[in-house]
There are 2 protein chains.
Amino acid sequence: MIKAIEWCGDSIRFIDQTKLPTEEVYLKTCDYTVIADAIRKLKIRGAPLIGIAAAYGAALAAVHFREGNLNSFSQQILRAIDELGSTRPTAVNLFWALERMKKVLHNGTDIEQTRKSIIDEAIRIHKEDEEMCRRIGENGAKLIPQTAAILTHCNTGALATGGEGTAQSVITTAHRQGKSIKVYADETRPLLQGARLTTWELMKHGMDVTLITDNMAAFLMQQKKIDIAITGADRIAANGDVANKIGTYNLALIAKHHGVPFYVAAPTSTIDPSIPSGDKIPIEERHKEEVTQGFGKRTAPEGVNVYSPAFDVTPFNLISAIITDQDVYKPPFNFSKLKK
Amino acid sequence: MIKAIEWCGDSIRFIDQTKLPTEEVYLKTCDYTVIADAIRKLKIRGAPLIGIAAAYGAALAAVHFREGNLNSFSQQILRAIDELGSTRPTAVNLFWALERMKKVLHNGTDIEQTRKSIIDEAIRIHKEDEEMCRRIGENGAKLIPQTAAILTHCNTGALATGGEGTAQSVITTAHRQGKSIKVYADETRPLLQGARLTTWELMKHGMDVTLITDNMAAFLMQQKKIDIAITGADRIAANGDVANKIGTYNLALIAKHHGVPFYVAAPTSTIDPSIPSGDKIPIEERHKEEVTQGFGKRTAPEGVNVYSPAFDVTPFNLISAIITDQDVYKPPFNFSKLKK
């Protein structure tokens with residue numbers, strides 16, 4: 001079992017993801033600023049995991065600030081929360097988790113009770129995420145046949161969440177159920193989360209995993225090497241359109257062409273009924289250096305233009321099912337009954 | 001005008017492609033073993049260019065071996081040809097060019113005449129390739145509208161041929177004709193020929209070129225940023241199926257889905273009427289290290305399985321036209337009239 005982050009009572013232990021896959025280094029700290037720095041430097045990454053880490057960071061502050069009255073205690077924790085919140089400007093889970101911590105702080109009546117409530121809330125955020133992963137895994141595994149070759153994109157596993165992941169939880173749950181699973185992980189340019197993290201995690205699980213480059217997937221499907229494709233989601237619109245890591249739309253299109261089921265697995269919180277369709281989802285553009293010199297060596301000319309969208313939008317009609325912790329939705333997608 | 005290789009009378013000048021795109025280094029040599037080494041170390045790459053370089057290598061040997069009679073001269077040149085031929089085991093153009101040199105050598109009557117004939121034959125091989133590129137460019141440019149955004153894959157330009165290239169010659173010819181061309185070059189994993197070489201060449205031409213990763217192409221087409229996609233070919237079957245750099249089939253599929261014309265440009269010699277369809281074309285598998293540590297740094301776990309086909313096969317029904325030096329073929333493809 002990979003533990004990307006762990007609360008140790010008065011300290012946090014986490015894996016330094018920037019050292020993966022060549023080194024497996026765990027860091028332990030009592031200092032919330034180390035956690036803030038780790039989030040900033042991508043030692044801790046993956047939207048749900050960032051939220052959990054920030055909550056634990058606030059809990060660390062609560063454990064170690066020991067002087068003054070409730071008011072000065074609260075001021076110190078708020079400063080810590082502010083610093084933790086300033087690390088990744090677009091991480092929704094980060095703000096959401098820290099808002100929960102602020103609320104607990106706001107309701108505090110004395111230092112000891114507040115300290116304990118803050119720690120409990122951080123642990124609760126982690127446990128909820130773990131449970132969400134477990135449910136996605138169980139709901140999704142029902143769609144996986146006894147023997148299957150599954151292609152996945154990006155990293156959606158234990159290194160991104162508080163549990164076993166989203167799409168990847170479906171894969172590892174099916175494996176644990178005794179199904180015969182062969183995984184193809186595409187490398188996921190530009191940041192290579194598939195090559196660096198997904199292969200590492202699945203090898204830790206003792207699973208059969210093969211790395212390919214993103215542009216090989218169509219050829220593999222043509223050769224009937226792939227039975228199922230599954231990815232995570234960053235945001236799901238009311239009609240079932242899915243915004244996810246760049247390359248997802250490409251994969252969904254070629255899966256459709258080859259009759260390969262294309263599944264999306266994500267927490268219920270990813271579904272945003274206020275957005276009618278995918279074309280309304282804003283797409284972040286990334287720094288050109290991630291494409292031109294991402295891996296220690298410049299691989300394109302100085303001054304070259306680069307277009308690097310972080311996400312793409314997959315239209316609902318390419319998606320065979322959306323798996324959440326609550327349910328498995330099949331087209332036509334209708335999320336009106338979902339509990340938020 | 002980029003000159004990847006140049007015959008200087010008694011020496012060869014060539015660009016060291018392993019230094020691109022960060023350094024533009026030209027090497028000059030009188031020693032054919034330097035050419036053999038340059039081919040072996042990929043300083044000179046691209047199938048047609050390798051053939052030309054090997055022919056010039058044999059010519060260098062002919063210039064500089066000055067002792068003995070015709071028989072000993074021939075023995076020396078044959079040894080040089082053998083060494084040049086041993087550099088890249090699967091390069092068809094290499095053997096084809098060296099066979100032409102052997103034939104000239106075989107027909108030699110005295111040292112001076114043979115030396116001159118060998119040099120002339122090498123220059124002829126180069127000129128023929130240059131002319132072939134020019135014709136492909138002119139034939140293909142007729143298909144390019146006055147304003148076009150063109151997506152291309154891999155490197156098919158001056159760094160791969162004796163002229164302006166194949167698919168890339170279509171692009172640069174259209175540009176020279178005054179058409180308004182915007183190029184998107186995909187990086188072409190695993191070896192990044194698009195990122196390293198195509199962008200560099202097109203920037204040298206003063207063209208508007210933007211680099212993307214391979215998995216972004218579908219998203220660009222969804223946004224209507226691409227009018228035409230064009231690639232080269234390694235081998236074309238009698239029915240029009242095309243074997244080319246891995247990722248070509250992926251691109252052809254998504255182009256078809258978005259109604260983007262998909263063109264293939266290649267010399268007539270690439271068409272192999274003896275192969276009825278693409279599934280009969282053998283596909284080479286590449287070393288896993290090209291995927292796992294292609295960026296100067298290991299980016300996947302030690303011991304991970306990798307599947308890395310060098311080429312894929314695009315079915316003829318995805319191809320809008322095949323452009324050669326002789327003609328532009330449209331579906332249904334019929335090559336029965338081609339002159340070989």
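Q: Buried means under 20% relative accessible area. By that cut-off, are A:Tyr329 and A:Phe335 buried or exposed?

A: In this predicted model, both A:Tyr329 and A:Phe335 are buried. B:Tyr32 can be read in the same way: its relative accessibility is 14%, so B:Tyr32 counts as buried too.

Q: How many aromatic pairs are there over all chains?

A: The rule looks at ring centres that lie within 6.5 Å and then at the angle between the planes. Over all chains it gives eight aromatic pairs. One is A:Tyr329 with A:Phe335, an edge-to-face pair with 4.9 Å centre to centre and 70 degrees between the planes.

Q: Why is the pair of B:Tyr32 and B:Phe65 classed as it is?

A: Planes over 60 degrees apart count as edge-to-face. The planes of B:Tyr32 and B:Phe65 stand at 65 degrees, with ring centres 6.3 Å apart, so this pair is edge-to-face. The pair links distant parts of chain B, 33 residues apart. B:Tyr32 belongs to helix H1 (residues 32–40) of chain B, while B:Phe65 sits in the loop between helix H2 (47–64) and helix H3 (70–85).

Q: Which residues form one aromatic cluster in chain A?

A: The cluster consists of A:Tyr329, A:Phe333 and A:Phe335.

Q: What area is buried between chain A and chain B, and how many residues are in contact?

A: Buried area is what two parts lose on being put together, summed over both. Here it is about 4,500 Å², and carbon and sulfur atoms give 67% of it. On the side of chain A, the residues that lose the most area to chain B are A:Asn215, A:Phe219 and A:Tyr307, together 16% of what that side buries. As for contacts, 58 residues of chain A touch 58 residues of chain B.

Q: How many salt bridges and polar contacts does the rule find across this interface?

A: It finds two salt bridges between chain A and chain B. A salt bridge also joins the side chains of B:Arg189 and A:Glu187, at 2.6 Å from N to O. Residue pairs in polar contact across the interface come to 20. Elements that give two or more residues to the chain A side include helix H7 (193–204), strand S6 (208–212) and helix H8 (217–222) of chain A.

Key
Residues numbered from 1 in each chain as written. Chains lettered and ligands numbered in written order. Predicted model: local features only at pLDDT ≥ 70, side-chain atom pairs only at ≥ 80, totals over all residues. Heavy atoms only, no water. Phe/Tyr/Trp six-rings, centres within 6.5 Å; stacked < 30°, edge-to-face > 60°. Buried < 20%, exposed > 50% of the residue type's maximum accessible area, 1.4 Å probe, protein only. Helix = DSSP H or I, 4+ residues; strand = E, 2+ residues; numbered from the N terminus. Contact = heavy atoms within 4.5 Å. Buried area = accessible area lost by both parts, 1.4 Å probe. Salt bridge = Lys/Arg side-chain N within 4 Å of Asp/Glu carboxyl O. Polar contact = N/O pair within 3.5 Å; in protein donor to acceptor, adjacent residues only side chain to side chain.
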